[in-house]
Amino acid sequence: MKTTVRPDSMSEHWPQDALIVLGASEEQIPLYQEARRRGIPTIAVDMRPDAPALPFADATLKISTRHTDAIADALGDVHPAGIVCGASDAALASWHALCLHYGTAYVYPESALAAGDKAAFHAIAASCGVTTYGWTVSDNPDQVVTEAAGMRFPLVIKPVDGSGSKGVSRITGPDDLPAAVAYARSYSASQTVIAEEFLEGRPLAIEVFMHDGKALMTCIKDKAFVDGSFVVRRLSTAQLPSATQDQLEATVERLCRALGIDNGPANFDAVLGTDGQERVIEANARLGGDGVPRLLAAAYGVDVVRALIALALGEPFADHLAPTRGAHAALELIGSPLAAEGELVAWEGVAEARNLPGITDIELFAKPGDLVRPHDQSGHKIGLLVAAGPTVADASSALTTASALVRPIIRPTTEPS
């Protein structure tokens with residue numbers, strides 16, 4: 001029987017030896033599904049009463065994942081089997097603190113929290129010998145504007161502690177700085193903004209899972225964006241010269257060790273320049289979001305979700321990361337085609353797309369009647385498609401065919417801003 005507890009109440013019916021899952025977004029659903037497969041009860045922590053993963057949890061604690069003390073107080077004398085977090089930056093500090101509080105077998109490393117501060121990560125990358133580029137940061141908006149005006153344009157302006165492409169702008173001249181800085185500050189908990197030189201080159205996303213200080217699994221992916229934004233639209237396994245592949249793998253392994261990630265997942269955004277040098281833009285010391293675990297399973301047969309839960313429980317996890325095939329995979333994120341909010345009326349073409357050769361996953365996060373927003377940040381996606389094939393071209397072709405079939409029918413409810 002499911003238990004729901006609000007922050008101002010207590011319960012004597014928490015499942016003991018449960019897995020505490022910090023967050024209940026659509027990205028976290030595979031964590032709950034894997035725990036249920038293993039017969040492990042879960043306690044979901046999320047302040048949103050309509051969080052999409054809540055139906056998969058055995059018990060629910062409606063508290064912000066940032067409020068560590070409130071979570072511990074509400075759980076009382078629970079002795080969790082482990083604590084885990086998926087693609088959520090907001091919960092990482094609580095993950096570390098709660099692991100210490102309960103003395104779990106795995107403790108999320110405090111040093112890894114530096115990845116959430118883009119300025120701190122720049123310093124770590126430089127200390128690891130990663131090629132750097134121009135940037136400036138401040139919690140004083142006038143200072144950011146002044147210093148950024150002397151940098152090489154175009155620039156990318158973003159919150160230093162942001163994620164999911166929220167508050168990010170690309171500008172081409174100094175006149176655009178005040179508005180871009182104000183926009184970034186509106187998404188920063190610390191009111192701190194970083195301005196970075198825009199990097200020309202091949203955008204990459206690199207997924208890694210560490211084991212005893214070594215990268216046990218690494219996947220380098222090409223990225224394509226929603227037009228005119230930094231919101232990811234498509235990911236696909238990258239074809240690179242072996243020397244470049246080795247160089248990138250060595251770089252992210254070095255960065256993980258510098259962040260104190262000896263065991264566990266991380267992912268990095270990078271640009272491979274025309275000079276052959278990689279420039280790592282930022283890091284996320286956690287599983288990748290946007291359906292990346294499904295892409296990894298489709299390409300290599302690995303299961304990073306199982307590996308993460310095994311790690312959180314103090315169990316061996318290397319076997320879950322051993323590749324069982326060597327295919328290529330591609331993933332497309334589905335967002336609203338509208339520039340204004342709307343109501344999802346129906347999905348078209350889903351059954352036909354599921355039957356296409358090469359399609360491995362179709363996930364729909366919105367149902368008819370739901371409010372959907374413009375796809376201007378990662379959290380506004382409403383579905384995803386995954387395809388696999390023996391070559392990049394095969395996977396991409398299957399994905400393109402499926403993408404043309406799957407259509408969300410959306411009725412506008414507001415005018416475009």
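## Aromatic pairs

Seven aromatic pairs turn up in this structure, where rings of Phe, Tyr and Trp (its six-membered ring) pair if their centres lie within 6.5 Å, with planes under 30 degrees apart called stacked, over 60 edge-to-face and the rest tilted. Phe121 and Phe268 form a tilted pair, because their planes stand at 40°, with ring centres 6.3 Å apart. This pair links distant parts of the chain, 147 residues apart: Phe121 sits in helix α4 (residues 118-127) and Phe268 in strand β13 (residues 264-272). Helices (H or I, at least four residues) and strands (E, at least two) are DSSP runs, numbered from the N terminus.

Phe121 is buried at 1% relative accessibility, and Phe268 is buried with a relative accessible area of 1%; buried means under 20% relative accessible area (1.4 Å probe, protein chains only). Ring pairs also join Trp95, Tyr106 and Tyr108 into a cluster.

## About the model

This is a predicted model, in which local features need pLDDT of at least 70 and side-chain atom pairs count only at pLDDT 80 or more, while totals for chains, interfaces and linings use all residues. Residues are numbered from 1 along each chain as its sequence is written, and side-chain values use heavy atoms, leaving out hydrogens and water.

## Nonpolar cores

A nonpolar core is a set of buried Ala, Val, Leu, Ile, Met, Phe, Trp, Tyr and Cys residues joined through side-chain atoms within 4.5 Å. The largest has 96 residues, and among those touching the most other members are Leu22, Trp95 and Phe268. Helix α9 (residues 304-312) gives the most to this core, with eight residues.

Methods:
Buried means under 20% relative accessible area, exposed over 50%, partly exposed in between (1.4 Å probe, protein chains only).
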